[in-house]
Amino acid sequence: MIAGFLARLGIDGTSFRLLLGLQIRRDFEGSSPSTGSADAPGPIDDSPLLVNVAHNLSMATLVAYFAYVNFEPFGFAFVQMVVLMVAVAMALVAEFGVALLDPEVHAMLAHLPIPSRTVFAARAVNALFYVAVMATSWSLPGAILSFRVHGGSLVAPLAHFVASLLAALTSAVIVVAGYGLLARLVSPRRVHDATLYAQVLFSLLLFLGFLYGPSVLPSADGFVAFSRSPNALACPPAWFAAIAAGGPARLVTIAILAPIVGALVTVWLAAGYMAWLRSGAGARRTASGERANRGAGFVTRLFRRFAVREDERPSFDFAMIQMSRERAFRLRVYPLLGFPIALAVMATSMPSAHDRTLWTMLLLYAPNLYFPAVISQLPFTSSPDASWMWRTAPISRRSDVLIGAEKAFLLRFVASLFVVVAIFAVWVWGPIAGLGNAAAAALIACIFTVLDFREVADLPFTRGGSRTFSQIEMSHVMGRVVVLAVASAAQFYLVGTAPVTLLVLLPILVATFLGLLAWQRRGGLVAGAPAHA
Amino acid sequence: MIVAKELTKRYGEITALDGVSFEARSGEILGYLGPNGAGKSTTISILTGLLAPDSGSASISGYDVAAAPVEAKARVGYVPEVPAVYETLTPEEFLGFVGRIRKLPESTIATRTPLLLDLFEIGDRARFRMGGFSKGMRQKVLLAAALLHDPEVLILDEPLSGLDAPSALLLREILRGLRDAGKTILYSSHILEVVEKIADRVVILAKGRVVAQGTVEELLRAKSGEAKRHLEDLFRERTEIADPEARARHFLAELRERRSP
């Protein structure tokens, strides 16, 4: 029956089943190691679905409990729908290949006698499966608790689950439609690059939403009034919360229509993208993708000349290039740039000097919270097979390689970010306090960077797959939040009240940083034991 | 000089190498032959330090690959079977990286890089990213990288893969010149005709064991006292490959039979 239905849609049932099975298997198993040997193990499995499910369940439990304790039924459902929709969107925004068929995957399939509609259908159903699994893992704790929230109603868990599924689906179709639209607006050949900028914009909006949203949302007991207000019509999580919590009928209607309309728009937009792939432009992308190299800039050459030792230069040069060109790295890291931009926007929008100060301090110290996520992506590459060139190279000191990459990171991310941040701080606080606090914060970021490189067990850009941010050790981040809050408050007070303290503070920080570098150079802070790579 | 002594490597139940021993001397091109799965790539992985043997030892110019990996690796130029490169790099950047990691002076890198890229006729692409390069162009970059530090030992795994005819002829002449200059060259390939023409000696591997080694002339007259016509005949015999012509005939007959109503 299913085969007949698929045939009527122009889909080859056998190919559809095989493709879908293959994709789902990949979702569960992750990509298999493509390189590696006894003395240099291959890549780890990259974010297998079950790990994500377990992580989602734990986070969803926390969110559901928080909402259960703090809000009445509509607020309880609303908070969870917000988190679910953002989680689904974030997951798909980072995974172009899940959201739309990657031109490289298409190149592998194009020569096979499979109708393109079948490929698209398998891709779409795989994405649906992925979204359904995410929605289920995110909604389970909420569905269980909704039984109590709604006074023992057996319908409530089911309604919560259905609402979660529709919310996740809507979130997914919005992202996929966004990709489809992007592919239409810009040259499809440039869609990957455009995706990067779209992701930065998306993360900026997301961070702004997180930072600014709570101030516009109703109070804990004001959600019922909010659900009846016109504002709720413009707030997608409210639509689905209405299903889960028995809200106004107009919101329920929108909630049911939203994924259907979204899916139709998505199919229309994605069809254009598929037509572009079928036209062969995707295959030509590789041949025309060569671009002339631009040499290193003046600052890089200067830094390289005076701050990078000869033994560190191969990995410094390599990491500098890869950090700006490696697509997998950029896709996962660049969206984080939305965070400091959002903080700067928040700081400028604050009416009082006290609040501006608070947000600017956050801007100065927040890099210590997201740099670990950037550093954790350094070992991963989309060309793991090329890592043989590291493993056959006569590297006598592994620490040289890591310090070279670390210096590239310090220049590319820490220095460039803090130059901009310092200008901003000067604008907010004036030259002495602005430059003083920015310099101290930059040095603290340098110190944390050296410490974070302890966790980098592999050489830069040598492993396949990736680590999703959900898999990153959060203990680093959570632990340092407290330390940074106390340290930054003390530092701001000292620099603000007695600028002369800079004369003491900065040399201490410089000495600490250089001391750690020296220790690292002797192998004291380097993860993994092997003497050679 | 390359010395492999009783190399053994197992992957679970499968024995990839079973006591493989051979030598490649200075001023010699050693052809390394064997059917798929014979253990050629495993041997090369051990020699280049990519893999550790379960037992036995390998040395490069007197340096044990396991005990002194840095010294051994410093003396090797290697071209892998699959021309895997970082597609984001340009040939110039790639050779710069290879040169620096091998501690060549910047001036040497600066002079040899264009020389080698021009030699392989990719000088005009020196500043283009390798993502758009064909397999043959990537292979040329890897050959240039392997020669950059003027190594004592060259380990080449299917070096002609993807190369056009003029480049293949050029490489052959370069290898002969390097051999005459005293370099040691291990040349692993499936193309028997090329190995027969270029190699001074050959090692034939089958099912993880050395089944024949010696000069081409020695091996070809070993069986019956009179020279055989081609290395291919010896290869078939030693590696116990079933008669390929008969197998092909059988397959085509089967195909015809199934097609007929």
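Reader: How many helices and strands are in chain A?

Author: Helices (H or I, at least four residues) and strands (E, at least two) are DSSP runs, numbered from the N terminus. Chain A has 24 helices and zero strands. This is a predicted model, where local features need pLDDT of at least 70, side-chain atom pairs count only at pLDDT 80 or more, and totals for chains, interfaces and linings use all residues. Residues are numbered from 1 along each chain as its sequence is written, chains are lettered from A and ligands numbered from 1 in the order in which they are written, and side-chain values use heavy atoms, leaving out hydrogens and water.

Reader: Where is confidence lowest and highest in chain A?

Author: pLDDT is the predictor's confidence in each residue, from 0 to 100. Helix α13 (residues 281–288) of chain A is lowest, with a mean of 46, while helix α21 (residues 398–429) of chain A is highest, at 92. The mean for chain A is 79.

Reader: How many aromatic pairs are there over all chains?

Author: Rings of Phe, Tyr and Trp (its six-membered ring) pair if their centres lie within 6.5 Å; planes under 30 degrees apart count as stacked, over 60 as edge-to-face and the rest as tilted. The whole structure holds 19 such pairs. One of them is edge-to-face, A:W388 with B:Y78, at 5.5 Å centre to centre and 90° between the planes. This pair crosses between chains, from helix α20 (residues 388–391) of chain A to strand β6 (residues 76–79) of chain B.

Reader: Are A:W388 and B:Y78 buried or exposed?

Author: Buried means under 20% relative accessible area, exposed over 50%, partly exposed in between (1.4 Å probe, protein chains only). Both A:W388 and B:Y78 are buried.
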